[in-house]
Amino acid sequence: PFLSPKREERGKPPKNWKRKGPSSITRAWCLFEVTESLLAGNRLQVSLSNSDRRDLHETLTHRFSDIITIFSDLDANDAQVTKVDDREYILSRVNRLEEGFETLTHRF
């Protein structure tokens with residue numbers, strides 16, 4: 001299920017849908033952590049494993065169009081929540097941001 005009620009109204013993702021992009025914007029608890037950082041006024045820094053750094057370098061140098069696609073398609077409304085029971089708690093935090101999900105989308 002989706003974290004965002006707005007996205008949930010549009011229905012389930014297509015059967016073969018695959019999560020793309022940074023997990024920090026596609027997973028509900030990751031969005032919660034980003035939200036808490038933004039509310040506290042912290043800067044966000046990304047740490048990558050050696051293999052992720054190699055993948056990023058490969059993508060930047062040989063498949064840059066993939067980067068453009070990933071970032072242009074990012075939408076915090078598409079984040080998914082595994083445990084529906086967690087939804088209300090996470091939403092209450094996201095909604096404390098001035099424009100909620102839109103703030104998260106634009107800050108990435």
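The model is predicted, so local features need pLDDT of at least 70 and side-chain atom pairs count only at pLDDT 80 or more, while totals for chains, interfaces and linings use all residues. Residues are numbered from 1 along each chain as its sequence is written, and side-chain values use heavy atoms, leaving out hydrogens and water.

**Helix 3**

- Helices here are DSSP runs (H or I, at least four residues), numbered from the N terminus.
- Helix 3 has 12 residues and reaches 16 Å from its first C-alpha to its last. That is close to the 16 Å expected at 1.5 Å a residue, where the expected span is 1.5 Å times one less than the number of residues.
- Buried means under 20% relative accessible area, exposed means over 50%, and partly exposed lies in between (1.4 Å probe, protein chains only).
- The buried residues of helix 3 are A28, C30, L31, F32, V34, T35 and L38.
- After helix 3 comes G41, with a positive phi near 75 degrees.

**Helix 6**

- Helix 6 covers residues 87-94, and its residues R87, I90, L91, R93 and V94 are buried.
- These residues sit on the same side of helix 6, because they cover an arc of only 160 degrees around the axis; the arc is that of the directions from the helix axis to the C-beta atoms.
- The buried residues of helix 6 pack against helix 1 (5-8), helix 3 (28-39) and helix 7 (101-107), with contact meaning heavy atoms within 4.5 Å.

**The largest nonpolar core**

- In soluble globular proteins, nonpolar side chains tend to be buried together.
- A nonpolar core is a set of buried Ala, Val, Leu, Ile, Met, Phe, Trp, Tyr and Cys residues joined through side-chain atoms within 4.5 Å.
- The largest such core has 15 residues, and L3, L31, I90, F101 and L104 touch the most other members.
- Helix 3, helix 6 and helix 7 are the elements that give two or more residues to this core.
- Helix 3 provides the largest share of the core, five residues.

**Aromatic rings**

- Rings of Phe, Tyr and Trp (its six-membered ring) pair if their centres lie within 6.5 Å; planes under 30 degrees apart count as stacked, over 60 as edge-to-face and the rest as tilted.
- By this rule there are three aromatic pairs.
- The rings of W29 and Y89 have centres 6.3 Å apart and planes at 35 degrees, so this pair is tilted.
- W29 lies in helix 3 and Y89 in helix 6, so their pair ties together parts that are 60 residues apart in sequence.
- W29 counts as partly exposed at 38% relative accessibility, and Y89 counts as partly exposed at 46%.
- The rings of F32 and Y89 have centres 5.6 Å apart and planes at 40 degrees, so this pair is also tilted.
- F32 lies in helix 3, so its pair with Y89 in helix 6 ties together parts that are 57 residues apart in sequence.
- F32 is buried, with a relative accessible area of 14%.
- Together, W29, F32 and Y89 form one aromatic cluster.

**Two loop residues**

- R43 is in the loop between helix 3 and helix 4 (50-62), and at 74% relative accessibility R43 counts as exposed.
- R43 and R7 are 36 residues apart along the chain, and their C-alpha atoms are separated by 27 Å.
- G100 is in the loop between helix 6 and helix 7, and G100 is buried, with a relative accessible area of 5%.
- G100 and S72 are 28 residues apart in sequence and 19 Å apart in space, C-alpha to C-alpha.
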